[in-house]
Amino acid sequence: MSKQYQFKLVLLGESAVGKSSLVLRFVKDQFDDYRESTIGAAFLTQTVTLDDQTTVKFEIWDTAGQERYKSLAPMYYRNANCAVVVYDITQSASLEKARTWIRELQRQADPSIVIALCGNKLDLAARRQVSQEEAKKYADEEGLMWTETSAKTGEGVTEIFTAIAQKLPLTAPSATRAGGARAGPGARAGVDLNKQAASAGQPEACNC
Amino acid sequence: MSTLSLFQDIIRSPDEVKVVLDAALVTENLEDTQNRRVLAVVSHKDDWDLTEEGCLFICKYKVGASGGVDELDMQRVFPIYGQFSVVMRQMGRGPVNLRSDMVPKSVLQQPGAVIALSITPAEGFQDDSPLLTFFTHDVKGLGTLVSECRRLKEASDVDANAAIDLASSKTHFSWLKPYFEKNATIAALTSVPQDLRLINQPLLDRLSPSCAGLPGDDHADAQIIKDDWIRRKARTMCRVGKRKLKLRLGTFNVNGKMPSQDLSAWVQGNVNGLRSTKLEKETPELPPMMNISPLSLGEVISNPFNRIFPKKSSPHQTEWDVNQYAIRVDLDNPEDPDLLVLGFQELDLSTEALLYSTGTAREDAWCLAVLAALGEKAVNYEKLVSKQLVGMLLVIFVKKSLQSCFSNIRTCYAGAGILGVMGNKGGTAVRLTFTPPYDDSKSPITSPGSTSLTFVNAHLAAFDEMVDKRNSDFLDLSKRLSFDGFEPLRSSSPVSDTDAGDDRTVVEIPQTPAIGAPLPLSIYETDSLFWMLDLNYRVDVPDTSLRKMLRDEEWPNDTKIEALTRFDQLRKSIRDKKAFHGFKEMPIKHLPTYRFSPGLAMDAMGYDLKRKPAWTDRVLYMHDPLCRVEQLSYTSHPQITMSDHRPVSADFEVDMDIYDTAALNANARKLLNDMHELELENTSGREGLKIQDTYVDFEKISYGTSAERKLSVRNTSKSPCAFRFVPVQIDSPIHPEWLSVHPLTGILLPDEVITITLSVQIDKDIAAILNTRPKDLSATLILHTMMAKDHFISVSGEYQYTCFANKLARLTRLRGAIRAMQSPDDLLPETNAINAPREIMRLVNWMMAHNEHVDGMFLSPANDSQVHIIRECLDTGEAFPFKEQTPDPQIPIAFAATLIAFLNSLTESIIPATLHQRCLDMTNRDEAFELLDELSPAAVNVWISITAFLHFICQRSKEKDLAERIATVLAPVLLRDDSNSFVPPISPLRKKKFLLYFIS
């Protein structure tokens, strides 16, 4: 019997690194050259098929990167199962910002959160300011997933979401009906699942 | 209209209708259209877990709001899983006719060409009902139905033997739940009004809890917003006029007495009523009593006009009528109430009355007394309905000319006395609908809409300490008073006494869950609701102080009553949401109506010494926002002395829409269709709304000013979009207290633009909060669009600290001008506090230094802009920009007005409310000065400097009564009442007397 899992994913990162474009590519396989800055947080969903039997449904919160709204970010990463922290490979400052986000997530988000660091705008590699080595080294030190993507060409986009889906602890029971009566976008269902998933995934940590 | 579209009206849009089949019950009587049924298979797909579930609905036709049999009522629902099956077999001998377009009637006419189908319910859905067998002519439809059922049964992942409780299931078939809820269908389309308690809640409170990043049940919320929107919009679209209905309500606990006095003051709204209120004020004397016996009343009623107008007049009076019978027009004054609704309590105190009906002798006597009180106008009225339970009688008289406009009259009762059921306490209720007369040949109305009115007469538990019992009695009556369910049949004949005929349709099939049964109507399911009662709520002020205050002749009645009603138990219960939550009551202007003693044991005002006086007799109401109700009067009638209570009356005007229900339904259906896409699930990430500006700056925000900013929001998508504001955290407010936002929810059609207004108004309460906060005000509002996005709107402003609305103790710790403060905590240490607020001293010193022109100070109105300038100077520390020895006499007046405004804005009274009672005891100047020892040093200094200045100007003035007049103004300011205090307030005249010790 097929199983579906449901996870909450949040995108974080400096303004204009391409968070919304990344999501648009992933969810609708589209790209806009001129996208307005996100003011607020957009909610989207996309399902990833892992194998014949298993699908993972992401509930994605694409947040605003502007500093002005930073205080609201915790509302969106609370109870998130995974976070994609995006930087722009042509802007070294954006990696610094990504590090700040990652430190904040490690300190304040759910301890079991899966964090992926994602260098976007790979199509502009000619103007690269952040080397692959530097980013990868940092990701390894912090135990993060890491990849580079181009929302414009689509390179690496599906791959990173699939990789996250594979890394998430699929020990939780099937998401079927977990949300109870029509819980709308099912955000709360995701929360419950997360808790179960977290406790199921914890034994290794306890052995340390 | 096709069966499919009728059915779609009662289905929630996320659910999909697979097939609809016209059928009929197999019963003895094949010709009866009552047996027509609609069978439909509905599928619900859950995109979240990729499952699909199906149900078979069985619906019956019912009389719709338009009067025709054109609405469907859900009768039963069968989840498709497990044992569920549909079996077909051919009925009769004739060949199967494969035409699928035949209407049910022709099915009935051709019994030879039908197919029967039998339904076997799933586990847990069988009951004792006879075999669920239907016949249909629609062979093709039946084929589809059977195959859909088979498909959905296979798709179901429910354990075949599981018995599912639809009412509590949180997993399987939980999507059916909205259908069980009474108001699940579009509110505007149901003939049953929505519960007033629900409809009066702000829309936002009815939505699911939600906050940033944690949407609630967006589907259900969108549904609620949509329902509300359609309800209002559909009605507005079809309104062709308005009609005012005048009501006069009365409540009277008659203490078992028979009528022995003229009741006209209580019964008659206008002329006599006005005269009697004048009497009441001028003289406590009673008007001459009129002895009326039921025997003599008969003659009053059979007055000559009856012979002239033996017939009921038509509601549509023609001009010809008016001319012919001019005399009649005079009597039938349009200012007279259209309905006279009277509630009596303790009509009969005998023990027998409790046990068995004692006949209608007492009711008849009181009705005659009421008609007699109407005098010559009695001829215009007729008893419409009455309902009695032991001592409680509710009786309604109607203007004969309007009688035919009232229909659907229902009555009910519930006991709440001994053992919780006996009728010594409890309530009786009447519900009726009014269809406004409308005569416009240009746009005739075929199915006029009507407005329902519900009246409750109740009597709750007695005694001071029984508040909780009264509250629970109220909740109990709210639940138990309900009218039998009925179909909207028109009846124009008056309904006499007790239960009207039971129109409940016999439901052949017992209900599995209660779907579509003719549900009993709650008293709240109405357009307007009035309670007239002897509530027995008392006043929480000690007996002696209460009597002393009531007697205090130096204290004007209006402010005295206002002060005392703050301690009224009913007001408190409403405030604490323990009873009558959501009800309105006009402010009371009359003295307590209970308990008057006929004998010796009474106080000077006639109140019984053993019972604390109280406002026990009240009239409360609530109404649908679409049906405006305005109360015009609320008064007691102390000249009617036959009982230990005094009767209370209240005049109302109910403003009703005149509309066509068929047009209403058509509009609602159209709007509903426009809205269909709203709930489509596949809207993930759509860019619905565009907010023109997401950054709003109010710049400088200062005390006493208001500012407004407007945001325009456009729906740029191709589907309707519902929005609501959500808070950042689940338990935080949606916007800060200094800001208001309107509207907080809404719907936009494609390309529609809506303006959201953000406004700021800094009054003293808000200033008191903001003065202790950092001056940078900023907030982020979150506008959530259903299933799509949280939009952020940043709001900012810079608050200008003010010396107004502070505590004295804080003002004395300021380092300098308050505006210069960098942080709200930048204060002197407590030990270094100065003697008195420098702002008050500056005001007093200026006035002292410019004392040549004192005329009008504290008494004449001031120039607002000058007051504003003075306040700014106090806040900034700048010198007052007025020339020394200025000739403008307005300036000293402005200073005095600023001082009063300053004192009124302080978060505490200079002499706290707790000391007011002691001010009463002061008999001379020395004692009064001693009381000042109780004040804080800063308050003493403020008191002394202000009273010294007042003393100075009063001494110097030639006007003898200047001190009196100034004290009248300043006493309530310096001795301010505290609305949160439990201490009973004192008379303003006593306050004045206390102040005069210092200034005269």
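This is a predicted model: local features need pLDDT of at least 70, side-chain atom pairs count only at pLDDT 80 or more; totals for chains, interfaces and linings use all residues.

Select Leu384(B) to begin: this residue is buried, with a relative accessible area of 2% (buried means under 20% relative accessible area, exposed over 50%, partly exposed in between, with a 1.4 Å probe and protein chains only). Leu384(B) belongs to strand β10 of chain B, residues 381–389; helices (H or I, at least four residues) and strands (E, at least two) are DSSP runs, numbered from the N terminus.

Residues are numbered from 1 along each chain as its sequence is written, chains are lettered from A and ligands numbered from 1 in the order in which they are written, and side-chain values use heavy atoms, with hydrogens and water left out.

**The sheet of chain B**

Next, display the open sheet of six strands in chain B, whose order is β10-β11-β9-β8-β20-β19, with mixed pairing. Its edge strands are β10 and β19 (628–636), each of which pairs on one side only; two strands pair if DSSP finds at least two bridges between them. Neighbouring strands are turned by 15° against each other on average, direction ignored. Select β19(B) together with β20(B), residues 648–659: eight bridges join these antiparallel strands. Within this pair, Gln631(B) stands opposite Phe652(B).

**A helix pair in chain B**

Now select helices α23 (residues 838–849) and α28 (residues 937–956) of chain B, which pack at an angle of about 15° with their axes 11 Å apart. Axes are lines fitted to C-alpha atoms, for helices over the stretch in contact, and angles run from 0 to 180 degrees between N-to-C directions. The angle makes α23(B) roughly parallel to α28(B) (under 35 degrees counts as roughly parallel, over 145 as roughly antiparallel, 65 to 115 as roughly perpendicular and the rest as oblique). Show side chains at the contact, which means heavy atoms within 4.5 Å: residues of α23(B), including Ile840(B) and Val844(B), meet residues of α28(B), including Val942(B) and Phe949(B).

**Strand β4 of chain A**

Move to chain A and select β4(A), residues 82–88, where seven of seven residues are buried. In a regular strand the side chains alternate between the two faces of the sheet. On one side of β4(A) lie Cys82(A), Val84(A), Val86(A) and Asp88(A), and on the other Ala83(A), Val85(A) and Tyr87(A), all buried. Five bridges join β4(A) to the parallel strand β1(A), residues 3–13, and Gly13(A) has Val86(A) as its bridge partner. Seven bridges join β4(A) to β5(A), residues 114–120, also in a parallel arrangement; here Val85(A) stands opposite Leu117(A).

**Backbone details**

Most residues other than glycine have a negative phi, and most peptide bonds are trans. Select Lys121(A), whose phi is near 70°; Lys121(A) is partly exposed, at 22% relative accessibility. Is Ala805(B), at 2% relative accessibility, buried or exposed? Ala805(B) counts as buried, and its phi is near 60°. Finally, select the peptide bond from His742(B) to Pro743(B), which is cis with omega near -5°; Pro743(B) sits in the loop between β25 (739–742) and β26 (745–748) of chain B.
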